[in-house]
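Morning, everyone. Please look at the screen, and keep the model in view while I talk.

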Amino acid sequence: MEPINLSEYEALAQGRLEPAVWDYYQGGSEDEVTLRANRTAFERIRLRPRMLVDVSTCDLRTTVLGTPVSMPILVAPTAYHCMAHPDGECATVQGAGKSRTLFTASTAATRTLEDIAQAASGPLWFQLYLDANLRISEALVRRAEAVGYRAIVLTVDLPRLGNRERDKRYNVIMPPEPWREANFVQEYPEEAPEDRESLFEVMKSRRDSSNLTWDILDWLRSVTSLPIMLKGILTAEDAALAVVHNIAGIVVSNHGGRQLDGALAGIEALPEVVEAVAGRCEVYLDGGIRRGSDVLKALALGARAVLVGRPTLWGLAVNGADGVHHVLEILRTELDRAMALAGRPTIASIDRSLVRFV
């Protein structure tokens, strides 16, 4: 029986993945307070629907950094897709393309930037983890720009790896090729992890907190002409600094609850970030999206679009590219219905008056 919502995809995916891989995808840090809050925070937001509005047709189209997409639902960067499906990120990007939306490739992808671009039929962003060796990061950014990625999404909430106890408990082992960090295997064999290294140790060893300060933005601009976005902002103070540094966009995110446990849920942080930015750069939300009504709430609170991570991995595990496509289409259908029932037939008609915190 075909799944009819994301929760059913989640249950099916759990049955198809090894327990250690499932926990790697699903887990958060420490007591997973923030992981749970990413979902429960949406329940504290109520919708104020308007009636007698012509909603015979709802228009979900929008733009992200000037690029047209069919809906304000994008694919977030997530790592190691080949652990969910042999075709990995190439299948995921194909599913995103079928939904005419944008895919964000992770630094920790198991398919190369070039292979992902070749499989894509829609727009691409590249999520960058700064490497301890900036030569490696520079080469990755230049490769992304060369094959048509349209923005660099710098993850800023990982000065060191969060205390991901599920990863420690299972000690998930880095699989052999091609299920490795593909962008480091071919050109930088000395930087590729050993086959028997744990994913936790690989992640921990590759990040260098000394590089991750506001000063790094000058260096990043020196190696690319692409727009730069910051992923991991949760406060008005940092949002205001991002504007000062001429950032093109902010992704409000707590890394899926995988970094600082007890941090704000993304939807809780969104209003203060939007207020601080005051329209001077685009703002996106990542984390906890499971229903079209969640997307509607995020848009009402000022998000340009949302990014969806774990649910696309569930779709990938269940049915490859078609599963990813179906997950995105479920969200599209739910958002279309929610907009109609709320009396907001266009993206432009969705505003703060639609929501109330309780």
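First, the ground rules. This is a predicted model, so to speak: local features need pLDDT of at least 70, side-chain atom pairs count only at pLDDT 80 or more, and totals for chains, interfaces and linings use all residues. Residues are numbered from 1 along each chain as its sequence is written, and side-chain values use heavy atoms, with hydrogens and water left out.

Helices (H or I, at least four residues) and strands (E, at least two) are DSSP runs, numbered from the N terminus. Contact, or touching, means heavy atoms within 4.5 Å. Buried means under 20% relative accessible area, exposed means over 50%, and partly exposed is in between (1.4 Å probe, protein chains only).

Let's start with helix pairs. Two packed helices are described by the angle between their axes and the distance between the axes. Axes here are lines fitted to C-alpha atoms, for helices over the stretch in contact, and angles run from 0 to 180 degrees between N-to-C directions.

Find helix H1, residues 6-16, and helix H14, residues 310-342. Their axes come within 10 Å and cross at roughly 175°. That makes H1 roughly antiparallel to H14. For the cut-offs: under 35 degrees is roughly parallel, over 145 roughly antiparallel, 65 to 115 roughly perpendicular, and the rest oblique.

Who makes this contact? From H1, it is Leu6, Tyr9, Glu10, Leu12, Ala13 and Arg16. From H14, the residues include Trp314, Val318, His326 and Ile330. By class, the contact of H1 with H14 has eleven nonpolar, three polar and two charged residues. Here Ala, Val, Leu, Ile, Met, Phe, Trp, Tyr, Cys and Pro count as nonpolar, Asp, Glu, Lys and Arg as charged, and the others, Gly among them, as polar.

Stay with H1. Which of its residues are buried? Leu6, Tyr9 and Ala13 are. Seen down the axis of H1, these buried residues fall within an arc of 50°, so they line one face of the helix. The arc is that of the directions from the helix axis to the C-beta atoms. The face turned away from the buried side of H1 carries the exposed residues Ser7, Ala11 and Gly15. What covers the buried residues of H1 includes H2 and H14.

Next, helix H2, residues 19-26. The axes of H2 and H14 come within 10 Å and cross at roughly 155°. So H2 is also named roughly antiparallel to H14. Trp22, Tyr25 and Gln26 of H2 meet Arg310, Leu313 and Trp314 of H14. Those residues divide into four nonpolar, one polar and one charged.

On to helix H3, residues 33-40. Its buried residues are Thr34, Leu35, Ala37 and Asn38. They cover an arc of only 165° around the axis, which puts them on the same side of H3. They pack against H2, helix H7 (165-170), helix H12 (266-277) and H14.

Take Leu285. Buried or exposed? Ala305 is buried, with a relative accessible area of 0%. Leaving out residues up to four places away in sequence, Ala305 touches Val64, Pro72, Leu74, Val283, Tyr284, Leu285 and Leu299. The C-alpha atoms of Ala305 and Asp286 are separated by 9.0 Å, and these two are 19 residues apart along the chain.

Glu32 has a positive phi of about 60° although it is not a glycine. Glu32 lies in the loop between H2 and H3, and at 13% relative accessibility it counts as buried. Tyr80 has a positive phi of about 55°, and it is not a glycine either. Look for Tyr80 in the loop between strand E4 (73-75) and helix H4 (88-98). Tyr80 is buried, at 0% relative accessible area.

Thr92 is found in helix H4. At 0% relative accessibility, Thr92 counts as buried. Its contacts, not counting residues up to four places away in sequence, are Val75, His81, Phe103, Leu316 and Val324.
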